[in-house]
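The sequence and the structure come first, and the text follows.

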Amino acid sequence: MSEKPTKHTKVLIIGSGPAGYTAAVYAARAMLKPMLVAGMQPGGQLTITTDVENYPGFADVIQGPWLMEQMREQAKAVGTDLVEDHIQSVNLKSKPFEAIGDGGQKYTADSIIISTGAQARWLNIESEEKFKGFGVSACATCDGFFFKDKTVAVVGGGNAAVEEAMFLTKFASKVQLIHRRNELRAEKLLQKKLMENKKIEIIWDSVVEEVIGDEEPKNVKGLIIKNTKTNEMSELKIDGLFIAIGHDPATSLFKDQLEMDNTGYLITKSDSTETNVPGVYAAGDVKDKIFRQAVTAAGMGCMAALEAEKYLASN
Ligand code: NAP
């Protein structure tokens, strides 16, 4: 079989969340003909959310997947070359930079904007792994429907856990939110809504020790939880477990090539999206563990495109 011809671009955007698409819109409108490689989960984390009330410009509640579809269409309309591939390796030492897709496609680029986002974090206990997809999930929007009139538990105390717990009450008869401390990290307004929801019960100061279930057919029956203050163990009968304990940045691709902090987030210069390699920019959740909002990611995507444009003009 003959090798696929290399695809060259002035701006290669890796990742298709709000940061990637916004970078694409700005780069395309600067006549840079960007190429955006969408990755494994086109549209990113917003495609597994439902209601979005905090993205500016929409007085009525919009849906995450719809918002991402609109961003994609906008990027395409202004001239972005949208590519369905997943980058599996990069070489940031070569000039132009090189990237290889899953099927072996080679890309070369004069500048790169990294917007690979972040992935859901798991508890990393053996029984969680065993029941993943059989009652253990990290996405209430994707799997909540399967728990109609059932009892489910959500682990976590941040905005995501609270939102997932509330979302799950649309299906489940009861939702138990298990949090390792006695105080939620989530925004006060969300906490208020959570407390007002009669279907939700909060289990404070507790961690999941084990997921219990049947082998044949494989399904979840309950949890063993530990009170972190008393070390007391107890059993909780549930039919589904949703993990909402945060995310890890998708940066393994750039290990030993770009500077990262000790949790793997890419480091950029102050007030800039530029990484330690000139011409390589990072935008969105891949470099931001503080704000992690669609609108902040989009803002950084814009910054990255403007910085790439300036870099290309002077090189
Ligand atoms: P997060 O804010 O980092 O919260 C993670 C939660 O999981 C924390 O409560 C943490 O406990 C808990 N946790 C972490 N590791 C754990 C473990 N191994 N076992 C048990 N519990 C564990 O993550 P997030 O809720 O996914 O939110 C991420 C970001 O997205 C935040 O900035 C958030 O504001 C934003 N977000 C915003 C919205 C919105 O605006 N509508 C919606 C979703 C997310 P501790 O509190 O004890 O650390």
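Contact here means heavy atoms within 4.5 Å. Helices (H or I, at least four residues) and strands (E, at least two) are DSSP runs, numbered from the N terminus. The model is predicted, so local features need pLDDT of at least 70 and side-chain atom pairs count only at pLDDT 80 or more, while totals for chains, interfaces and linings use all residues. Residues are numbered from 1 along each chain as its sequence is written, and side-chain values use heavy atoms, with hydrogens and water left out.

**Helix α6**

The buried residues of helix α6 are covered by elements that include α5, β12 and β13. A residue is buried under 20% relative accessible area, exposed over 50% and partly exposed in between (1.4 Å probe, protein chains only). In α6, Leu-190, Gln-191 and Leu-194 are buried. Seen down the axis of α6, these residues fall within an arc of 100°, so they line one face of the helix; the arc is that of the directions from the helix axis to the C-beta atoms. Lys-188, Leu-189 and Lys-192 are exposed on the face turned away from the buried side.

| Element | Residues |
|---|---|
| α6 | 188-196 |
| α5 | 159-168 |
| β12 | 174-178 |
| β13 | 200-203 |

**Helices α1 and α7**

Helix α1 (residues 18-29) packs against helix α7 (residues 294-314) at an angle of about 35°, and their axes are 7 Å apart. Axes are lines fitted to C-alpha atoms, for helices over the stretch in contact, and angles run from 0 to 180 degrees between N-to-C directions. Residues in this contact include Ala-19, Thr-22 and Tyr-26 of α1 and Ala-298, Gly-301 and Cys-302 of α7. The contact residues divide into 11 nonpolar, 2 polar and no charged. Ala, Val, Leu, Ile, Met, Phe, Trp, Tyr, Cys and Pro count as nonpolar, Asp, Glu, Lys and Arg as charged, and the others, Gly among them, as polar.

**A sheet of three strands**

An open sheet has the strand order β14-β15-β16, with antiparallel pairing. Two strands pair if DSSP finds at least two bridges between them. At the edges stand β14 (206-214) and β16 (233-237), each with a single partner strand, so one side of each lacks a neighbour in the sheet. The twist from one strand to the next averages 25°. Strand β15 (residues 219-227) is joined to β16 by 5 bridges, and Ile-224 has Glu-235 in β16 as its bridge partner.
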